[in-house]
Amino acid sequence: SDVCSSDLISNMKLDKYFDKIVGQDLAEPKPSPAMLKKIMKDLDADMIAYCGDTEDDINAAKSAGVISIAIASEDATFSTLKSHNPDFLLNHAIELPGLIQKLI
């Protein structure tokens with residue numbers, strides 16, 4: 001599932017905090033950091049965070065050296081995600097606005 005899809009970000013009125021919102025549209029699937037490295041190359045951003053709901057999302061963020069935000073879902077429980085040590089771990093996407101406001 002796309003826990004942090006562009007539609008969700010827009011619906012939560014968080015799009016104003018992002019310069020670019022992308023999905024995995026490269027040939028190399030997660031946990032490859034290729035998508036994140038492309039974004040890092042394209043943007044001169046002070047901060048890059050990657051949000052997802054699987055251990056592959058956490059591993060991709062770690063491999064790229066960006067902030068990992070994991071959100072528990074049907075795909076991975078809170079305890080499963082916690083075992084992969086994301087930078088931030090949320091129980092639900094509704095917690096994302098508060099975290100983003102803390103980070104900026």
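I take buried to mean under 20% relative accessible area. I am working from a predicted model.

**Entry 1: the whole protein**

I began with burial and found that buried residues make up 35% of the 104 residues in the protein. I then looked up the accessible surface, which comes to about 6,400 Å². Carbon and sulfur atoms hold 47% of that surface.

Next I listed the secondary structure and got 5 helices and 3 strands. I followed them along the sequence and wrote down the pattern α-α-β-α-β-α-β-α. I also checked the contacts with a separation of 6 or more, and 39% of these join residues 24 or more positions apart.

**Entry 2: Ser68**

I turned to Ser68, which I located in strand β2, residues 67–71. Is Ser68 buried or exposed? I read a relative accessibility of 1% for Ser68. Ser68 therefore counts as buried, because that value is under the 20% cut-off.

Which residues does Ser68 contact, leaving aside neighbours within four places in sequence? I noted Tyr50, Ile58, Ala61, Pro86, Asp87 and Phe88. I looked again at Asp87 and found its backbone nitrogen 2.8 Å from a polar atom of the Ser68 side chain.

**Entry 3: Asp42**

I moved to helix α2, where Asp42 lies. Its residue range is 34–42.

What joins the side chains of Asp42 and Lys38? I found a polar contact of 2.7 Å between them. I also took the C-alpha to C-alpha distance from Asp42 to Lys20 and got 9.6 Å. Asp42 and Lys20 are 22 residues apart in sequence.

**Entry 4: Leu43**

I then looked up Leu43, which I placed in the loop between α2 and β1. Strand β1 covers residues 49–52. I read 24% relative accessibility for Leu43.

I checked the spacing from Leu43 to Asp19 and got 8.2 Å, C-alpha to C-alpha. In sequence, Leu43 and Asp19 are 24 residues apart.

**Entry 5: looking back**

Methods:
Residues are numbered from 1 along each chain as its sequence is written. This is a predicted model: local features need pLDDT of at least 70, side-chain atom pairs count only at pLDDT 80 or more; totals for chains, interfaces and linings use all residues. Side-chain values use heavy atoms; hydrogens and water are left out. Helices (H or I, at least four residues) and strands (E, at least two) are DSSP runs, numbered from the N terminus. Buried means under 20% relative accessible area, exposed over 50%, partly exposed in between (1.4 Å probe, protein chains only). A polar contact is a pair of N or O atoms within 3.5 Å; within protein, one must be able to donate a hydrogen and the other to accept it, and residues adjacent in sequence count only if both atoms are side-chain atoms. Contact means heavy atoms within 4.5 Å. Accessible areas come from the Shrake-Rupley method with a 1.4 Å probe; for residues, only the protein chains shown count as cover.
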